[in-house]
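Thanks for coming. I have one model to go through, starting with the chain overall and then a few local details.

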Amino acid sequence: MKQVVYVASPESQQIHAFHLGEEGELSLLQTVDVPGQVQPMVLHPDGHRLYVGVRPEFGVVTYNIAHDGTLQQAAMAPLPGSPTHVGVDLQGRFLFSASYSFNNVSIHPINEKGEALAPIHVLEDIQAPHSANIDPTNQLLMIPALKEDRIRLFDFSLQGEATPHHIPALQTAAGAGPRHMAFHPNQHFAYCVNELNGSVDVYQRDVTNGQYRMVQTLDIMPSDFKETRWAADIHITPDGKYLYTSDRGSSLISVLTVSEDGSVLTLVGHHATQTQPRGFNIDHRGRFVITAGQKSDAIEVAKIDQNSGALTTLKTYPVGKGPMWVSILELKN
Ligand SMILES: O=C1O[C@H](COP(=O)(O)O)[C@@H](O)[C@H](O)[C@H]1O
C-alpha cells in the first residue's frame, strides 16, 4: 500500500507532500505554493481530490491528485467565513466548511469534475463551530459549537440541504468547548474532544432510531496536570483499537484504548510530541501517528505499538511555517 502525507503550513502558504514508506520513513514528493494561508484540508472519498481552506481571501481550493500523489490546482470557490475545518459527505457530493469566527457552516456542491463550488446553503448563528462532521449514515451533520457547549445536529439530505434534527443538539458539560470528532469503524460510537476542559465524550448511536446519547466522559490529561487545558485534535485507528488526542499547551498526545464494542475509553498514557500539536493523523494501516507542531515548524512520525497503542518517535521532518493540518491518502494504484 502506498500512502502520501499532506501537511498544511499557513504562515508560509505551503503544502508539503511526502511519500510514507513501509517503516514510517517520509520522502518529500512536492512542495506546493498555495494561493493563501492554507489551514484545514480534506480528501475526497475517491482519493482523487484534496480540498483546502485558505485566507485572508476566504476560499476553498480544489487540487487534483495525480497517480503519484502530487497536487495540481483545479479550482477555487468563495467561502462565507474564515475556514476553520472542512469536511466532505461520504458520497463525495458536498463539502462543508465551518467558520469559528464567522459563526457559520457553508455547504458546497462538488461538481462532476470533483471541484468544490460556491455555497448553496449557509447555516448561520452557530456559535464558534469548530468542525462539521457527517456521521456514518451520511444523513446527520454533527457540528461541535465550542461556545455553545453542545454539538448541533442537522438532518442532511441527498440534495445537500441541512435542516435542524428533531433533537437539535447534544449537550456537553459547561465550559467543555467541543471541537473535533472521530467515529468508530463499527459506526455505533462517536467521540468528541473538548478543547477547553481537556476531555473526550463518547456518544452511542441507537441503531433502532439513529439517536446519539453520551455514555462516557474521560479526562485526557495526566492526573497531576495543573496548567491550562487546550485540546485540539482526535483520531481513531482503522481497527478501532486505539484513540489519540492532542493538547497544545502541554504538547502531549494522549493514548487511549477502546473497548471491543467501542463504548469505553481508557487513558493508558501520554506521548511528548512536537510543540503545539494542533493537527495530527493516523496512516491507513494504523501503524503511525504523524503530528504537526504549530510552533516547531516540523512534523513527527511516531510508531504505534500494536499491543498497547503506545507511541515511539521515529523521526522529525521540517515543513513550512506554522503547520497545523495533516491528511493522509492511500494511493489506489
Ligand atoms: O483552536 C482554536 O481555534 C480557533 C479558531 O481558529 P481559526 O484558525 O479558525 O482562527 C481559535 O480562535 C482559538 O483560539 C483556538 O484555540
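**Overall fold and some backbone details**

Of the contacts in the chain between residues at least 6 apart in sequence, 47% join residues at least 24 apart, where contact means heavy atoms within 4.5 Å. Before I go on, this is a predicted model, in which local features need pLDDT of at least 70, side-chain atom pairs count only at pLDDT 80 or more, and totals for chains, interfaces and linings use all residues. Residues are numbered from 1 along each chain as its sequence is written, and side-chain values use heavy atoms, with hydrogens and water left out.

The chain has zero helices and 28 strands; both are DSSP runs numbered from the N terminus, helices being H or I with at least four residues and strands E with at least two. Its radius of gyration is 18 Å, close to the 20 Å of the globule rule for 333 residues, so the chain is as compact as a globular protein of that length. That radius is taken over C-alpha atoms, and the rule is 2.2 Å times the number of residues to the power 0.38. The C-alpha trace spans about 45 × 45 × 35 Å along its principal axes.

How many of the 333 residues count as buried? The figure is 60%, with buried meaning under 20% relative accessible area, exposed over 50%, and partly exposed in between, using a 1.4 Å probe and protein chains only.

Now strand β4, residues 37-43. Six of its seven residues are buried, so β4 is largely enclosed by the rest of the structure. Five bridges join β4 to β5, residues 49-55, and the two run antiparallel; strands pair if DSSP finds at least two bridges between them. Q37 has R55 in β5 as its bridge partner. Five residues separate the strands in this hairpin, and there G47 has a positive phi near 75 degrees.

P56 sits in the loop between β5 and β6, residues 59-65.

As background, most residues other than glycine have a negative phi, and most peptide bonds are trans. N138 is not a glycine, yet its phi is positive, about 65 degrees. N138 lies in the loop between β12 (133-134) and β13 (140-145), and is buried at 13% relative accessible area. Q276 also has a positive phi, near 60 degrees. Q276 is found in the loop between β23 (265-272) and β24 (279-282), and at 12% relative accessibility counts as buried.
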